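Keep the picture open while you read.

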Amino acid sequence: MPRSSGPVRRAARPLSRHTRVADDFPHAQGGKVSPTSTAGALHLQGVSHSYGNHQVLHDVTLTCPAGTSTAIVGPSGSGKTSLLRIVAGFLRPDAGTVELDDADITARPAHRRSIGLVAQDGGLFPHLSVGGNISFGLPRGQRTRRRVEELLDLVSLTPDYASRRPDQLSGGQQQRVALARALGRSPQIILLDEPFSALDAGLRERTRKAVQRVLRSTGTTALLVTHDQDEALSFADSVAVLQEGSLRQAGAPEDIYSLPADLGTAQFLGEAVVLESYVSQGSAECSLGTVPLRNEAPTGFASLLLRPEQIAVTAPGRGVLGLVLDADYFGHDTTALVRIHGREEEVRVRQLNAEPLGVGETIGLQVTGTGVAYPP
Ligand SMILES: Nc1ncnc2c1ncn2[C@@H]1O[C@H](COP(=O)(O)OP(=O)(O)OP(=O)(O)O)[C@@H](O)[C@H]1O
């Protein structure tokens, strides 16, 4: 992949996406640590790695511009952690290079890289206080109470937390202390290895938003490994999809979601409705009617990708008839599995703020928006 095809920093997102953070963690908006320089551009070029004769990374090329967040997603065993360990310097790739601000750091030992790591469990030292944990990561001259308090403030924890032990903190607070410890050295890059996975849903979201704010306010480049597709799409400026050790696609979350490189990527990032279709002149004919395409596809049979939220439920008589086979209520939305009348095909539909559909009910189905066609 050419260097320019990696993730690209997008314009700042609208504030509305972050307003809840301000309520939950008021200090996380800016903190007292001044933004760092624009240093911290990471570039992986042709990185491959094998454990014994098992090759787990194949020629991975990825660019993370300074100050951006990139989420690495992919199925279990696809090589995400191995890639992170290579960036951290814990693992030396068999081939390829790791570059930081255009300097080749592939052979540089971990402790000489300006990289901080936040592990899944936070990795705090249980025998040290919160202050001790944060001080531990600081350069000798900076191990002062003031600096510890400054870092606590950055992650929206008050100074009195410094004297607590890690086991006296919630999971989310431990993660924030781990982040404060990692940020204390002003690293150019922060590696986050499933840092929120141990937290329950509400705390996870709040901690994630707070961390996102801190990373943005300090201008730190971040690489996040996650199994959670919603987290990847909402947290990062770019998403990189690894499958069997190869980088399948990298780009802005909305691009990856709306125009996935292949059906595997589509199914990995969100629910996918895949229908048989016939493409001609920019549209696909399928069991739900004629759907305009947002990609260029050759005339002929194709698999058509839609997302469940694109299939609107209408009264029978409008659109295509469908029979509700199964329905689930989630509060904010409802989903249903619907068999298209007279066809073998089944589609999942999602409706916001709707009453759950009844199993056995006959409904109408209409596609909104455009689809993506892939060769069969
Ligand atoms: N130290 C090791 N020795 C041998 N094989 C390893 C080692 N570490 C990882 N592997 C193998 O390398 C492959 C990639 O592992 P890796 O941990 O990088 O994947 P992952 O995408 O992070 O997986 P998960 O999502 O399950 O954490 C897997 O098949 C794994 O079994």
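What follows is a short walk through some of its sheets, helices and single residues.

## Before we start

This model is predicted: local features need pLDDT of at least 70, side-chain atom pairs count only at pLDDT 80 or more, and totals for chains, interfaces and linings use all residues. Residues are numbered from 1 along each chain as its sequence is written.

The labels work like this: helices (H or I, at least four residues) and strands (E, at least two) are DSSP runs, numbered from the N terminus. Two strands pair if DSSP finds at least two bridges between them.

Let's begin with an open sheet of four strands, which pair antiparallel in the order E2-E1-E4-E5. At its edges sit E2 (54–64) and E5, each pairing on one side only. Inside the sheet, E1 (residues 42–51) and E4 (residues 95–100) run antiparallel and are joined by five bridges. Serine 48 stands opposite alanine 95 in E4.

Another open sheet has five strands, in the order E13-E12-E11-E14-E20, again with antiparallel pairing. Its edge strands are E13 (289–292) and E20 (372–374), each of which pairs on one side only. E14 (residues 300–306) is antiparallel to E20, with three bridges between them. Look for serine 303, whose bridge partner in E20 is tyrosine 374.

## A parallel pair

Now find E6 and E7 (residues 189–193), which run parallel and are joined by four bridges. Isoleucine 115 has isoleucine 189 in E7 as its bridge partner.

Which way do the residues of E6 point? Ile115 and Leu117 point one way, Gly116 and Val118 point the other way, and all are buried (20 or more other C-beta atoms within 10 Å of a residue's own, with C-beta atoms placed from the backbone).

## Helices that pack

Two packed helices are described by the angle between their axes and the distance between the axes. Here axes are lines fitted to C-alpha atoms, for helices over the stretch in contact, and angles run from 0 to 180 degrees between N-to-C directions. Angles under 35 degrees count as roughly parallel, over 145 as roughly antiparallel, 65 to 115 as roughly perpendicular and the rest as oblique.

Helix H4 (residues 145–154) and helix H5 (residues 171–184) have axes that come within 9 Å and cross at roughly 125°. That makes H4 oblique to H5. The contact (C-beta atoms, placed from the backbone, within 7 Å) is made by Leu151, Leu152 and Leu154 of H4 and Ala180, Leu183 and Gly184 of H5.

H5 also packs against helix H6 (residues 201–218), at an angle of about 15° and with the axes 10 Å apart. H5 and H6 are therefore roughly parallel to each other. Among the residues that meet here are Leu179 and Leu183 in H5, and Ala210 and Val214 in H6.

## Buried and exposed spots

Which residues of helix H2 (residues 80–88) are buried? They are Lys80, Ser82, Leu83, Leu84, Ile86 and Val87. H2 is followed by glycine 89, whose phi is positive, near 95°.

Finally, visit arginine 112, in the loop between E5 (103–104) and E6 (115–118). Arginine 112 is exposed, because it has 9 other C-beta atoms within 10 Å (12 or fewer count as exposed). Its C-alpha atom is separated by 16 Å from that of arginine 140, which is 28 residues apart from arginine 112 along the chain.

How values were computed: Two residues are in contact if their C-beta atoms, placed from the backbone, lie within 7 Å.
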